[in-house]
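Hi,

Here is the structure I promised to pass on. Have a look at it first, and then read my notes below.

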Amino acid sequence: MKALAKLVAATCLTYAAVLGLLVSSGGTASRVLPGVTPNVILFQMDGHRISKTNELLYWAGGDATPCPSSKSPARMPEWCPTLSTWTCLPTRCTHFESLNATVGPGKTMTKPQTAQMLTGQPPEVTGVIRNNGGGGRIPSGMSIFAQLRAAFGDEINLAISGSSRFLLRPLKQDRRDGVLDREDMLRRKNDRRPLYSGNNSLAAAVALIDKFKVDEKPFFFVIHMKNADWAAHKTGGGNVAYDEAIVLGWEHVGKTLDALSAAGLAENTLVFTSADHGFNPTGAQHQLRDGAEITDIPISASGIGLNPAAVNPTILDVTPTILAAMGVDLSLLDPSLPGQSLLAP
Ligand SMILES: [Zn+2]
(Lines give C-alpha, C1' and ligand atoms only; values in the text may rest on other atoms or scores of the structure.)
Protein backbone atom coordinates (compact mmCIF):
# COMPACT_ATOMS: atom_id res chain seq x y z
CA MET A 1 0.00 0.00 0.00
CA LYS A 2 1.25 3.40 -0.86
CA ALA A 3 0.44 6.32 1.34
CA LEU A 4 1.69 9.79 1.86
CA ALA A 5 1.43 10.80 5.46
CA LYS A 6 2.04 14.21 6.85
CA LEU A 7 3.00 14.77 10.42
CA VAL A 8 0.75 17.34 11.98
CA ALA A 9 2.76 20.48 12.34
CA ALA A 10 2.58 24.16 12.92
CA THR A 11 2.93 26.37 9.91
CA CYS A 12 6.50 27.12 8.96
CA LEU A 13 8.32 28.96 6.30
CA THR A 14 8.32 26.33 3.61
CA TYR A 15 11.42 25.20 1.86
CA ALA A 16 9.94 26.26 -1.44
CA ALA A 17 9.72 29.80 -0.15
CA VAL A 18 13.31 29.65 0.98
CA LEU A 19 14.37 28.54 -2.47
CA GLY A 20 13.43 31.91 -3.79
CA LEU A 21 15.32 33.79 -1.11
CA LEU A 22 18.73 32.20 -1.00
CA VAL A 23 21.57 32.45 -3.42
CA SER A 24 23.23 29.35 -4.78
CA SER A 25 26.24 28.31 -2.75
CA GLY A 26 27.96 27.09 -5.87
CA GLY A 27 29.38 23.76 -7.00
CA THR A 28 30.84 22.24 -10.10
CA ALA A 29 28.58 23.67 -12.74
CA SER A 30 28.51 20.73 -15.11
CA ARG A 31 27.32 18.22 -12.52
CA VAL A 32 25.15 20.43 -10.35
CA LEU A 33 21.93 21.91 -11.61
CA PRO A 34 21.40 25.63 -11.03
CA GLY A 35 19.64 26.66 -7.85
CA VAL A 36 20.08 26.58 -4.13
CA THR A 37 22.14 23.78 -2.62
CA PRO A 38 20.52 22.78 0.65
CA ASN A 39 22.26 20.99 3.48
CA VAL A 40 20.99 17.43 3.97
CA ILE A 41 20.98 15.18 7.03
CA LEU A 42 20.02 11.50 6.64
CA PHE A 43 19.05 9.37 9.64
CA GLN A 44 19.39 5.62 9.19
CA MET A 45 16.68 4.48 11.63
CA ASP A 46 17.85 0.92 12.16
CA GLY A 47 14.96 -1.53 12.38
CA HIS A 48 12.12 1.00 12.19
CA ARG A 49 9.15 -0.83 10.73
CA ILE A 50 6.92 1.66 8.91
CA SER A 51 3.69 0.13 10.16
CA LYS A 52 4.88 0.59 13.76
CA THR A 53 6.24 4.06 13.08
CA ASN A 54 2.92 5.12 11.59
CA GLU A 55 1.15 3.76 14.64
CA LEU A 56 3.38 5.55 17.12
CA LEU A 57 3.73 9.01 15.65
CA TYR A 58 1.12 11.61 14.93
CA TRP A 59 0.69 10.99 11.27
CA ALA A 60 -1.59 12.39 8.63
CA GLY A 61 -4.30 15.00 8.27
CA GLY A 62 -7.07 15.13 10.82
CA ASP A 63 -6.80 15.62 14.52
CA ALA A 64 -3.58 14.72 16.22
CA THR A 65 -3.87 11.94 18.74
CA PRO A 66 -1.18 11.13 21.26
CA CYS A 67 1.10 8.31 20.27
CA PRO A 68 0.46 5.17 22.35
CA SER A 69 3.83 5.32 23.97
CA SER A 70 3.17 8.79 25.32
CA LYS A 71 0.08 7.51 27.11
CA SER A 72 1.65 4.45 28.66
CA PRO A 73 3.71 4.53 31.84
CA ALA A 74 7.25 5.41 30.95
CA ARG A 75 9.06 2.12 31.00
CA MET A 76 12.50 3.28 30.14
CA PRO A 77 14.70 0.90 28.25
CA GLU A 78 17.92 0.50 30.17
CA TRP A 79 19.86 2.15 27.36
CA CYS A 80 17.97 5.44 27.60
CA PRO A 81 17.88 6.19 31.30
CA THR A 82 17.79 9.95 31.00
CA LEU A 83 14.70 10.43 28.87
CA SER A 84 11.92 11.84 31.01
CA THR A 85 9.28 12.93 28.56
CA TRP A 86 7.59 11.37 25.59
CA THR A 87 6.85 14.19 23.29
CA CYS A 88 6.36 13.43 19.66
CA LEU A 89 7.97 15.21 16.79
CA PRO A 90 5.03 17.37 15.63
CA THR A 91 5.27 19.52 18.71
CA ARG A 92 7.96 21.25 16.71
CA CYS A 93 7.43 23.63 13.88
CA THR A 94 8.22 21.25 11.11
CA HIS A 95 6.61 19.32 8.35
CA PHE A 96 7.52 15.71 7.77
CA GLU A 97 6.23 13.58 4.94
CA SER A 98 6.65 9.84 4.76
CA LEU A 99 6.31 7.26 2.03
CA ASN A 100 5.63 3.63 2.86
CA ALA A 101 8.60 1.93 1.24
CA THR A 102 10.45 -1.38 1.24
CA VAL A 103 14.07 -2.39 1.61
CA GLY A 104 16.29 -3.28 -1.34
CA PRO A 105 17.11 -6.73 -2.69
CA GLY A 106 18.94 -9.30 -0.59
CA LYS A 107 18.99 -9.97 3.12
CA THR A 108 17.44 -7.58 5.64
CA MET A 109 20.81 -6.96 7.23
CA THR A 110 22.20 -3.62 8.33
CA LYS A 111 25.42 -3.62 6.32
CA PRO A 112 24.11 -4.57 2.86
CA GLN A 113 20.91 -2.55 3.21
CA THR A 114 22.74 0.55 4.44
CA ALA A 115 25.14 0.14 1.53
CA GLN A 116 22.13 0.22 -0.78
CA MET A 117 20.77 3.27 1.00
CA LEU A 118 24.12 5.06 0.58
CA THR A 119 24.80 4.09 -3.04
CA GLY A 120 21.47 3.53 -4.76
CA GLN A 121 22.90 0.23 -6.02
CA PRO A 122 21.90 -3.37 -5.21
CA PRO A 123 24.24 -5.86 -3.45
CA GLU A 124 25.51 -7.41 -6.66
CA VAL A 125 26.86 -4.01 -7.66
CA THR A 126 28.12 -2.78 -4.28
CA GLY A 127 29.59 -6.17 -3.36
CA VAL A 128 28.20 -5.69 0.17
CA ILE A 129 26.04 -8.77 0.59
CA ARG A 130 26.02 -9.84 4.24
CA ASN A 131 26.84 -8.45 7.68
CA ASN A 132 29.55 -11.00 8.29
CA GLY A 133 32.54 -11.99 6.26
CA GLY A 134 35.39 -10.11 4.71
CA GLY A 135 35.29 -7.76 1.80
CA GLY A 136 32.14 -5.84 1.34
CA ARG A 137 33.79 -2.59 0.39
CA ILE A 138 31.79 -0.19 -1.74
CA PRO A 139 33.77 0.40 -4.96
CA SER A 140 35.48 3.68 -5.65
CA GLY A 141 33.19 6.51 -6.72
CA MET A 142 29.96 4.66 -6.01
CA SER A 143 28.79 6.00 -2.65
CA ILE A 144 26.62 9.06 -2.25
CA PHE A 145 29.62 10.69 -0.57
CA ALA A 146 31.78 10.03 -3.62
CA GLN A 147 29.06 11.31 -5.94
CA LEU A 148 28.73 14.51 -3.93
CA ARG A 149 32.50 14.97 -3.81
CA ALA A 150 32.63 14.53 -7.58
CA ALA A 151 29.88 17.10 -8.03
CA PHE A 152 31.01 19.72 -5.53
CA GLY A 153 34.72 19.11 -5.06
CA ASP A 154 35.92 20.77 -1.86
CA GLU A 155 32.82 22.96 -1.74
CA ILE A 156 30.87 20.55 0.44
CA ASN A 157 31.31 19.07 3.92
CA LEU A 158 30.63 15.35 4.34
CA ALA A 159 30.44 13.11 7.41
CA ILE A 160 28.98 9.89 8.77
CA SER A 161 28.36 8.59 12.28
CA GLY A 162 27.81 4.91 12.99
CA SER A 163 29.37 1.58 13.75
CA SER A 164 32.68 0.65 12.20
CA ARG A 165 31.42 -2.76 11.23
CA PHE A 166 28.20 -1.91 9.48
CA LEU A 167 28.65 1.62 8.18
CA LEU A 168 32.24 2.77 8.12
CA ARG A 169 34.09 -0.32 6.91
CA PRO A 170 32.10 -0.46 3.66
CA LEU A 171 33.21 3.15 3.05
CA LYS A 172 36.89 2.39 3.42
CA GLN A 173 37.53 3.11 -0.23
CA ASP A 174 36.02 6.58 0.16
CA ARG A 175 38.52 7.26 2.94
CA ARG A 176 41.39 6.05 0.79
CA ASP A 177 40.16 8.18 -2.08
CA GLY A 178 40.03 11.28 0.13
CA VAL A 179 36.26 11.55 -0.22
CA LEU A 180 35.82 11.29 3.56
CA ASP A 181 38.33 12.38 6.19
CA ARG A 182 38.96 10.09 9.11
CA GLU A 183 37.72 12.69 11.58
CA ASP A 184 34.43 12.87 9.70
CA MET A 185 33.80 9.15 10.12
CA LEU A 186 32.52 9.05 13.70
CA ARG A 187 32.58 5.60 15.22
CA ARG A 188 30.19 3.91 17.59
CA LYS A 189 32.99 2.13 19.43
CA ASN A 190 36.05 4.25 19.44
CA ASP A 191 39.09 4.84 21.53
CA ARG A 192 38.75 8.50 22.33
CA ARG A 193 35.61 9.84 20.76
CA PRO A 194 32.17 9.56 22.35
CA LEU A 195 30.21 6.41 21.60
CA TYR A 196 28.36 7.79 18.66
CA SER A 197 25.32 5.64 18.13
CA GLY A 198 21.98 5.13 19.82
CA ASN A 199 21.55 7.85 22.41
CA ASN A 200 24.80 9.46 21.42
CA SER A 201 23.72 9.73 17.80
CA LEU A 202 22.09 12.97 18.81
CA ALA A 203 25.40 14.19 20.21
CA ALA A 204 27.02 13.33 16.88
CA ALA A 205 24.39 15.24 14.94
CA VAL A 206 24.75 18.31 17.15
CA ALA A 207 28.54 18.15 16.99
CA LEU A 208 28.47 18.00 13.20
CA ILE A 209 26.01 20.89 12.95
CA ASP A 210 28.27 22.95 15.22
CA LYS A 211 31.29 22.01 13.15
CA PHE A 212 29.78 22.76 9.77
CA LYS A 213 27.75 25.86 10.57
CA VAL A 214 30.81 28.07 10.60
CA ASP A 215 31.48 28.07 6.88
CA GLU A 216 29.41 28.76 3.81
CA LYS A 217 29.64 25.29 2.29
CA PRO A 218 26.63 22.99 2.12
CA PHE A 219 26.91 19.77 4.11
CA PHE A 220 25.62 16.23 3.98
CA PHE A 221 25.92 13.80 6.84
CA VAL A 222 24.46 10.45 7.85
CA ILE A 223 23.56 9.40 11.39
CA HIS A 224 22.95 5.77 12.33
CA MET A 225 20.19 5.51 14.95
CA LYS A 226 20.58 2.08 16.53
CA ASN A 227 18.25 2.07 19.53
CA ALA A 228 15.17 0.40 18.07
CA ASP A 229 17.15 -2.49 16.61
CA TRP A 230 18.90 -3.02 19.95
CA ALA A 231 15.64 -2.89 21.85
CA ALA A 232 13.90 -5.35 19.57
CA HIS A 233 16.78 -7.83 19.50
CA LYS A 234 16.78 -7.77 23.30
CA THR A 235 13.06 -7.82 24.00
CA GLY A 236 11.24 -8.53 20.74
CA GLY A 237 9.50 -6.36 18.19
CA GLY A 238 6.27 -6.58 20.17
CA ASN A 239 7.73 -5.13 23.36
CA VAL A 240 7.06 -1.59 24.51
CA ALA A 241 10.82 -1.05 24.62
CA TYR A 242 10.85 -1.25 20.80
CA ASP A 243 8.01 1.28 20.61
CA GLU A 244 9.79 3.61 22.98
CA ALA A 245 13.06 3.31 21.11
CA ILE A 246 11.32 4.28 17.88
CA VAL A 247 9.79 7.31 19.56
CA LEU A 248 13.18 8.11 21.07
CA GLY A 249 14.73 8.00 17.60
CA TRP A 250 12.18 10.49 16.34
CA GLU A 251 12.66 12.60 19.42
CA HIS A 252 16.34 12.77 18.47
CA VAL A 253 15.36 13.82 14.98
CA GLY A 254 13.26 16.54 16.58
CA LYS A 255 16.15 17.69 18.77
CA THR A 256 18.35 17.76 15.69
CA LEU A 257 15.81 20.10 14.12
CA ASP A 258 16.04 22.22 17.26
CA ALA A 259 19.82 22.30 16.90
CA LEU A 260 19.45 23.38 13.27
CA SER A 261 17.14 26.17 14.36
CA ALA A 262 19.58 27.30 17.04
CA ALA A 263 22.35 27.35 14.44
CA GLY A 264 20.23 29.36 12.00
CA LEU A 265 20.26 26.46 9.52
CA ALA A 266 16.70 25.17 9.78
CA GLU A 267 15.43 26.83 6.66
CA ASN A 268 18.07 25.52 4.26
CA THR A 269 18.59 22.04 5.71
CA LEU A 270 16.55 19.04 4.60
CA VAL A 271 16.24 16.09 6.94
CA PHE A 272 15.62 12.63 5.52
CA THR A 273 15.08 9.36 7.35
CA SER A 274 14.98 5.78 6.18
CA ALA A 275 15.64 2.34 7.64
CA ASP A 276 17.55 -0.80 6.75
CA HIS A 277 14.78 -3.24 7.67
CA GLY A 278 11.68 -3.66 9.76
CA PHE A 279 11.23 -6.08 12.65
CA ASN A 280 9.24 -9.16 13.54
CA PRO A 281 6.13 -7.82 15.32
CA THR A 282 6.48 -10.48 18.02
CA GLY A 283 9.95 -12.02 17.76
CA ALA A 284 13.50 -10.83 18.25
CA GLN A 285 14.69 -11.01 14.63
CA HIS A 286 14.14 -9.15 11.39
CA GLN A 287 12.39 -12.24 10.02
CA LEU A 288 9.24 -14.15 10.86
CA ARG A 289 9.46 -17.78 12.02
CA ASP A 290 9.00 -18.96 8.45
CA GLY A 291 11.98 -16.88 7.36
CA ALA A 292 9.96 -14.14 5.65
CA GLU A 293 11.85 -10.85 5.89
CA ILE A 294 10.19 -7.76 7.36
CA THR A 295 10.75 -5.31 4.56
CA ASP A 296 8.43 -2.36 5.22
CA ILE A 297 10.34 0.79 6.07
CA PRO A 298 9.75 4.55 5.99
CA ILE A 299 11.34 7.05 3.66
CA SER A 300 10.60 10.42 5.18
CA ALA A 301 11.63 13.99 4.59
CA SER A 302 11.18 17.37 6.16
CA GLY A 303 11.42 20.62 4.31
CA ILE A 304 10.74 19.25 0.84
CA GLY A 305 7.86 17.43 -0.78
CA LEU A 306 7.89 13.72 -1.55
CA ASN A 307 5.95 12.36 -4.49
CA PRO A 308 2.82 10.52 -3.33
CA ALA A 309 2.58 8.92 -6.78
CA ALA A 310 6.07 7.39 -6.62
CA VAL A 311 5.82 3.77 -7.75
CA ASN A 312 7.04 1.17 -5.25
CA PRO A 313 9.57 3.32 -3.42
CA THR A 314 12.51 1.37 -2.02
CA ILE A 315 15.74 1.96 -0.17
CA LEU A 316 17.45 2.22 -3.58
CA ASP A 317 15.63 5.53 -4.05
CA VAL A 318 17.24 7.26 -1.07
CA THR A 319 20.50 8.17 -2.82
CA PRO A 320 18.90 9.53 -6.02
CA THR A 321 16.39 11.49 -3.94
CA ILE A 322 19.09 13.17 -1.86
CA LEU A 323 21.36 13.79 -4.85
CA ALA A 324 18.44 15.38 -6.70
CA ALA A 325 17.55 17.49 -3.66
CA MET A 326 21.13 18.79 -3.60
CA GLY A 327 20.98 19.62 -7.28
CA VAL A 328 23.15 16.83 -8.70
CA ASP A 329 22.26 15.99 -12.29
CA LEU A 330 21.27 12.31 -12.06
CA SER A 331 21.51 11.86 -15.81
CA LEU A 332 25.29 12.27 -15.64
CA LEU A 333 25.96 9.60 -13.02
CA ASP A 334 28.09 6.62 -13.98
CA PRO A 335 27.12 3.94 -13.20
CA SER A 336 23.54 5.09 -13.55
CA LEU A 337 21.19 4.55 -10.64
CA PRO A 338 18.39 1.99 -10.90
CA GLY A 339 16.22 3.90 -8.42
CA GLN A 340 14.17 7.06 -8.74
CA SER A 341 14.09 10.46 -7.14
CA LEU A 342 11.12 10.57 -4.78
CA LEU A 343 10.89 14.36 -4.80
CA ALA A 344 7.53 15.79 -5.71
CA PRO A 345 7.52 16.87 -9.36
ZN1 LIG B 1 19.06 -5.99 13.77
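A quick definition to start: a crossing is right-handed if the near helix is turned clockwise from the far one by less than a right angle, and left-handed if anticlockwise. Bear in mind that this is a predicted model, where local features need pLDDT of at least 70, side-chain atom pairs count only at pLDDT 80 or more, and totals for chains, interfaces and linings use all residues. Residues are numbered from 1 along each chain as its sequence is written.

Now the helices (DSSP runs of H or I, at least four residues, numbered from the N terminus, as are strands, which are E runs of at least two). H9 (residues 200-212) and H11 (residues 240-262) have axes (lines fitted to C-alpha atoms over the stretch in contact, with angles from 0 to 180 degrees between N-to-C directions) that come within 10 Å and cross at roughly 20°. That makes the two roughly parallel, a label for angles under 35 degrees. The crossing of H9 past H11 is right-handed.

On to strand S6 (residues 219-225): seven of its seven residues are buried, meaning that 20 or more other C-beta atoms, placed from the backbone, lie within 10 Å of a residue's own. Phe-219, Phe-221, Ile-223 and Met-225 point one way, while Phe-220, Val-222 and His-224 point the other. S6 pairs with S2 in the parallel sense over six bridges; pairing takes at least two bridges found by DSSP. Gln-44 has His-224 as its bridge partner in S6. S4 (residues 157-162) also pairs with S6 in the parallel sense, over five bridges, and Leu-158 stands opposite Phe-220.

Conventions:
Angles under 35 degrees count as roughly parallel, over 145 as roughly antiparallel, 65 to 115 as roughly perpendicular and the rest as oblique. A residue is buried if 20 or more other C-beta atoms lie within 10 Å of its own, exposed if 12 or fewer, and partly exposed in between; C-beta atoms are placed from the backbone.
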